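Reader: Could you pick one spot in this model and take me through it slowly, side chain by side chain? I'd like the cut-offs spelled out as you go.

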Amino acid sequence: MKTPAEIIDFLESLLGIYFYEIRHKHRSVFILCDTLVELSCKIKIDEKNEGANTKGLNFKEALQNAKVPSKLKKRLLANHSLRNDMQHKSTILTIDEQKCADSIMDLVELLKKLWG
């Protein structure tokens, strides 16, 4: 099964932001990557078990249920924790270009693991 079109569309939009010169683009893309990671895991869970209740799953449970490899899961959880800190604890925190690029590559790796 191939990656669903809506996920590819979301990824293309995310990359469009990354390569466009706007303020705070790295922060925005980092947050969107985190969102797409969670969405991708939940879609994959639903594909495997149609009708599964993924709405009640938190981020960590979604990664677990989607059977994400442990090294990748660790990086995605670290990104998620940083995203939570940025949005809920300190609005001053920001993301540099390398961290943003790494989060995109983690997302692409996840999509390859989930859909080949």
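**The aromatic pair and its surroundings**

Author: Let's start with the rings: there is one aromatic pair in the structure. It's made by Y18 and F19, whose ring centres are 4.9 Å apart with planes at 85°, so it counts as edge-to-face (Phe, Tyr and Trp rings, with the six-membered ring used for Trp, pair with centres within 6.5 Å; planes under 30 degrees apart are stacked, over 60 edge-to-face, the rest tilted). Keep in mind that this is a predicted model, with local features needing pLDDT of at least 70 and side-chain atom pairs pLDDT 80 or more, while totals for chains, interfaces and linings use all residues. Numbering runs from 1 along each chain as its sequence is written, and side-chain values use heavy atoms, without hydrogens or water.

K25 is itself buried, with 11% relative accessible area, and it makes a salt bridge to E21, with the closest N and O atoms 3.2 Å apart (a side-chain nitrogen of Lys or Arg within 4 Å of a carboxyl oxygen of Asp or Glu). E21, at 68%, is exposed. By that rule the count reaches seven salt bridges.

Not counting residues up to four places away in sequence, E97 touches Y18 and H26 (contact is heavy atoms within 4.5 Å). E97 belongs to helix α5 (helices are DSSP runs of H or I with at least four residues, strands runs of E with at least two, numbered from the N terminus), and at 48% it is partly exposed. The C-alpha atoms of E97 and F30 are 9.7 Å apart, although 67 residues separate them along the chain.

Now for a contrast with K25. K73, in helix α4 (residues 70–89), is buried but has no salt bridge, and E61, the nearest side chain of opposite charge, is 12 Å away (Lys and Arg are positive, Asp and Glu negative; His and chain ends are left out). Beyond four places in sequence, K73 contacts L63, Q64 and V68.

V68 leads us into the core. Together with L107 and L110, V68 touches the most other members of the 30-residue largest nonpolar core (buried Ala, Val, Leu, Ile, Met, Phe, Trp, Tyr and Cys joined through side-chain atoms within 4.5 Å). At least two core residues come from each of α1 (5–19), α2 (25–48), α3 (59–65), α4 and α5 (97–115), and α2 gives the largest share, nine residues. With neighbours within four places set aside, V68 contacts C41, L63, K73, L76 and L110.

Back in α2, K44 and E47 lie three residues apart, about one turn, and their side chains form a salt bridge at 3.7 Å, N to O. K44 is buried at 12%, while E47 is partly exposed at 31%.

Methods: Buried < 20%, exposed > 50% of the residue type's maximum accessible area, 1.4 Å probe, protein only.
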